[in-house]
Number of protein chains: 2
Amino acid sequence: MTEDAAGSPAGRTRRRGAALEEAILSAAADELAEAGYAGLTMDRVAARAGTNKNAIYRRWPNRLALGVAAYRRLTTTISPDDTGDLRGDVLALLRQANRYWSSPQGAILRELFAAAGGASELLEQLQDRSGDDAAAPWLTVLERALARGEVAPEALTPRVATVAMVLLRNEFVVRGVPTAPDDVLVEIVDEVYLPLVRRRAPARN
Amino acid sequence: MTEDAAGSPAGRTRRRGAALEEAILSAAADELAEAGYAGLTMDRVAARAGTNKNAIYRRWPNRLALGVAAYRRLTTTISPDDTGDLRGDVLALLRQANRYWSSPQGAILRELFAAAGGASELLEQLQDRSGDDAAAPWLTVLERALARGEVAPEALTPRVATVAMVLLRNEFVVRGVPTAPDDVLVEIVDEVYLPLVRRRAPARN
DNA sequence: AGTTTTAAGGTACTCCAAGTACCCTATTTG
DNA sequence: CAAATAGGGTACTTGGAGTACCTTAAAACT
């Protein structure tokens with residue numbers, strides 16, 4: 001939470017450019033955090049930033065674009081634990097993902113995904129958290145496991161590496177659960193992910 | 001497309017109950033098909049059904065609920081081909097799914113999913129097409145393959161059976177593509193699905 | 001048949017928020 | 001110091017969801 005209206009508009013020099021943009025984004029992020037995307041209104045963002053809607057619309061074409069931009073500053077990075085074995089690492093990562101999507105921030109992310117509904121330019125900006133970039137920790141975990149001989153080398157592709165995460169996201173999208181029960185995570189890991197990535201008999205065909 | 005306003009309101013006996021409900025749903029489905037969920041307005045549905053908003057709100061609590069109800073009558077069922085081998089069956093099924101999600105109906109489904117955004121009661125009603133019911137054709141295909149000795153028996157669970165479909169849906173949700181390129185489907189099948197379901201070395205742990 | 005109850009029809013309204021228009025003024029640029 | 005740029009203030013339009021309320025047709029009841 002930053003300061004509310006940044007003091008009385010009288011006693012402050014008029015902000016421009018980057019400074020104002022900062023203030024708007026910051027206000028929008030605060031509003032997002034408090035009320036979610038559904039509760040993000042342009043009037044309130046303007047008021048909170050101590051400016052008006054014009055200044056916002058000069059920078060972002062619409063509410064959604066502002067929402068996406070503001071979301072990016074709520075974001076934290078995740079790093080994979082090292083539990084010493086593949087199953088432990090994978091479960092840990094999946095639990096992190098589950099916690100994130102269950103968190104208020106995760107709820108906002110889901111709202112934005114829903115609102116973007118296929119607008120790829122905007123979805124791209126959200127991908128840091130769930131798209132290709134999110135493959136990195138999974139690949140890290142698999143690399144460690146590969147060194148220990150636990151996985152097949154073919155598993156080291158983004159498509160394969162992120163399967164567990166994708167399946168988990170599916171729970172949220174399709175079932176609308178607020179949080180996925182832990183046994184679902186375990187099931188995903190044991191029934192799908194481990195059998196998939198572990199060293200396996202050479203494919204016929 | 002059914003008739004537009006069902007004749008002049010004067011020359012018709014006043015409809016009630018089921019008959020009216022039918023007319024509303026039918027009008028809503030037509031509107032959905034023409035304008036998508038985004039373009040579905042209560043006023044227009046009412047006008048098209050030759051009634052008024054009250055009659056609608058007496059039956060559905062809000063626009064989304066009406067949209068979901070109307071969607072269900074746009075829906076067609078899919079049946080798995082039998083190409084004779086597992087890879088062919090799976091690819092065929094996945095291509096069907098891709099075509100569906102790329103179709104206008106698929107676009108509507110995606111809009112509704114987005115608008116429902118976690119309202120489980122409504123999501124449930126959409127699951128016929130993408131949730132557990134959709135597992136049935138995959139299980140059928142796997143059963144056939146099991147009989148031929150192509151897959152491991154552990155693969156016959158909904159979670160495992162639907163992995164390919166879930167991965168494909170993910171492409172739509174995360175990337176916002178209007179349609180998934182065929183090589184993505186092939187990749188999903190060859191890199192993930194087949195290695196997963198095929199008879200495999202017993203898991204160590 | 002007449003009476004009561006139920007639900008449809010008609011219409012007008014409130015409410016809310018997005019996006020726009022305009023004009024005035026402070027700041028920067030040159 | 002002038003011109004150009006961009007912020008501030010404010011009021012407005014638009015559009016659609018949801019509501020209120022009254023009138024009237026059709027059922028249900030007796």
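**View 1. The fold of chain A, read from one end to the other.** Read along the sequence, chain A follows the pattern α-α-α-α-α-α-α-α-α-α-α, which amounts to eleven helices and zero strands, where helices (H or I, at least four residues) and strands (E, at least two) are DSSP runs numbered from the N terminus. The model is predicted, and for that reason local features need pLDDT of at least 70 and side-chain atom pairs count only at pLDDT 80 or more, while totals for chains, interfaces and linings use all residues. Residues are numbered from 1 along each chain as its sequence is written, and chains are lettered from A and ligands numbered from 1 in the order in which they are written. Of the 205 residues in chain A, 37% are buried, a residue being buried if 20 or more other C-beta atoms lie within 10 Å of its own, exposed if 12 or fewer, and partly exposed in between, with C-beta atoms placed from the backbone. Among the contacts in chain A with a separation of 6 or more, 66% join residues 24 or more positions apart; two residues are in contact if their C-beta atoms, placed from the backbone, lie within 7 Å.

**View 2. The crossing of helix 1 and helix 4 in chain A.** Helix 1 (residues 17–35) of chain A packs against helix 4 (residues 63–71) of chain A at an angle of about 90°, and their axes are 8 Å apart. Axes are lines fitted to C-alpha atoms, for helices over the stretch in contact, and angles run from 0 to 180 degrees between N-to-C directions. The two helices of chain A are therefore roughly perpendicular to each other, on a scale where angles under 35 degrees count as roughly parallel, over 145 as roughly antiparallel, 65 to 115 as roughly perpendicular and the rest as oblique. Helix 1 of chain A makes the contact with A:Leu25, A:Ala28, A:Ala29 and A:Leu32, and helix 4 of chain A with A:Leu66, A:Gly67, A:Ala69, A:Ala70 and A:Tyr71. By class, this contact has eight nonpolar, one polar and no charged residues, where Ala, Val, Leu, Ile, Met, Phe, Trp, Tyr, Cys and Pro count as nonpolar, Asp, Glu, Lys and Arg as charged, and the others, Gly among them, as polar.

**View 3. The surroundings of A:Ile24.** A:Ile24 has its place in helix 1 of chain A and counts as buried, with 24 C-beta neighbours inside 10 Å. Not counting residues up to four places away in sequence, A:Ile24 touches A:Val45, A:Ala49, A:Thr51, A:Ala55 and A:Ile56. A:Leu146, by contrast, is 122 residues from A:Ile24 in sequence and 46 Å from A:Ile24 in space, C-alpha to C-alpha.

**View 4. Two buried residues of chain B.** B:Ala49, in helix 2 of chain B, is buried, with 26 other C-beta atoms within 10 Å. Leaving aside neighbours within four places in sequence, B:Ala49 is in contact with B:Ala23, B:Ile24 and B:Ala27. B:Ile108 lies in helix 6 of chain B and is likewise buried, with 22 other C-beta atoms within 10 Å. The residues that B:Ile108 touches, not counting those up to four places away in sequence, are B:Leu32, B:Gly36, B:Tyr37, B:Tyr71 and B:Leu74.

**View 5. The meeting of chain A and chain B.** Chain B can be laid on chain A with an RMSD of 0.0 Å by a turn of 180° and a shift of 0.0 Å along the axis, the copies being superposed by least squares on the C-alpha atoms of residues with pLDDT of at least 70 in both. The two copies are thus related as by a two-fold rotation axis, and in chain B the C-alpha nearest that axis is that of B:Ala114, 2.1 Å from it. The contact takes 35 residues from chain B and 36 residues from chain A. On the side of chain B that touches chain A, helix 10 of chain B gives the most, with eight residues, and the residues of this side divide into 17 nonpolar, eight polar and ten charged.

**View 6. The protein surface near DNA strand C.** Of the 23 residues around DNA strand C, A:Thr13, A:Thr41, A:Met42, A:Asn62 and B:Thr51 come nearest; a residue is near a strand if its C-beta atom, placed from the backbone, lies within 6 Å of it. By class, this surface has five nonpolar, eight polar and ten charged residues.
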